[in-house]
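Here is a short briefing on one protein model. Please look over the sequence and the fold before reading on.

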Amino acid sequence: MKKKKTLICPLTKFTKILGGKWKILILFVLSKGETHYGKLHFLIPKISKKVLSENLQLLQENKFIKRKLNVEDNKVYYKLTKRGESITPILKDISAWIKNTYPNENFEP
């Protein structure tokens with residue numbers, strides 16, 4: 001018996017891979033450049049270390065980010081891959097749209 005192929009809406013695929021509270025924010029922070037784990041945690045203060053680690057691992061598994069250990073300072077650094085860089089313009093557009101749609105909000109930089 002043949003398995004039936006399931007059709008997936010592109011937005012369903014998007015939310016399956018990048019859904020949740022933190023992945024988009026992590027990608028947006030990394031769009032500013034490579035940074036180490038501690039600085040990521042500092043820049044996203046409301047995320048727990050456990051949740052940050054889990055989300056970084058998922059983003060790495062889906063090839064949005066690369067992880068590397070710098071032996072000189074013994075820190076783990078993260079940066080966007082080409083796939084991760086390809087979503088940066090979309091994230092910037094969403095950020096601009098939110099600022100225009102909610103002009104009376106005080107957004108963090």
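Helices (H or I, at least four residues) and strands (E, at least two) are DSSP runs, numbered from the N terminus. This is a predicted model: local features need pLDDT of at least 70, side-chain atom pairs count only at pLDDT 80 or more, and totals for chains, interfaces and linings use all residues. Residues are numbered from 1 along each chain as its sequence is written, and side-chain values use heavy atoms, with hydrogens and water left out.

**Overall fold**
- The protein has 5 helices and 3 strands.
- Their order along the sequence is α-α-β-α-α-β-β-α.
- Along the principal axes, the C-alpha atoms fill a box of roughly 55 × 45 × 25 Å.
- Of the 109 residues, 27% count as buried. Buried means under 20% relative accessible area, exposed over 50%, and partly exposed in between (1.4 Å probe, protein chains only).
- Take the contacts (heavy atoms within 4.5 Å) between residues at least 6 apart in sequence: 45% of them join residues at least 24 apart.

**Charge**
- The protein carries 23 positive and 9 negative side chains. Lys and Arg count as positive and Asp and Glu as negative; His and the chain ends are not counted.
- The centres of the two sets lie 10 Å apart, with each charge placed at NZ of Lys, CZ of Arg, CG of Asp or CD of Glu.

**Helix 5**
- Helix 5 covers residues 82-101, which is 20 residues.
- From first C-alpha to last it reaches 30 Å, close to the 28 Å expected at 1.5 Å a residue. The expected span is 1.5 Å times one less than the number of residues.
- Gly84, Ile87, Thr88 and Leu91 are buried in this helix.
- An α-helix has 3.6 residues a turn, so residues three or four places apart point the same way.
- Cover for the buried residues of helix 5 includes helix 1 (10-18), helix 2 (23-30) and strand 3 (75-80).

**The kink at Thr88**
- Helix 5 has a kink of about 30° at Thr88, shortly before the proline Pro89. The bend is the angle between axes fitted to the seven residues ending at a residue and the seven starting there.
- Thr88 counts as buried because its relative accessibility is 12%.
- Leaving aside residues up to four places away in sequence, Thr88 touches Ser31 and Leu80.

**Positive phi in loops**
- Most residues other than glycine have a negative phi.
- Lys63 has a phi near 65°. Lys63 sits in the loop between helix 4 (49-61) and strand 2 (65-70), and counts as exposed because its relative accessibility is 54%.
- Asn74 has a phi near 55°. Asn74 lies in the loop between strand 2 and strand 3, and counts as exposed at 60% relative accessibility.
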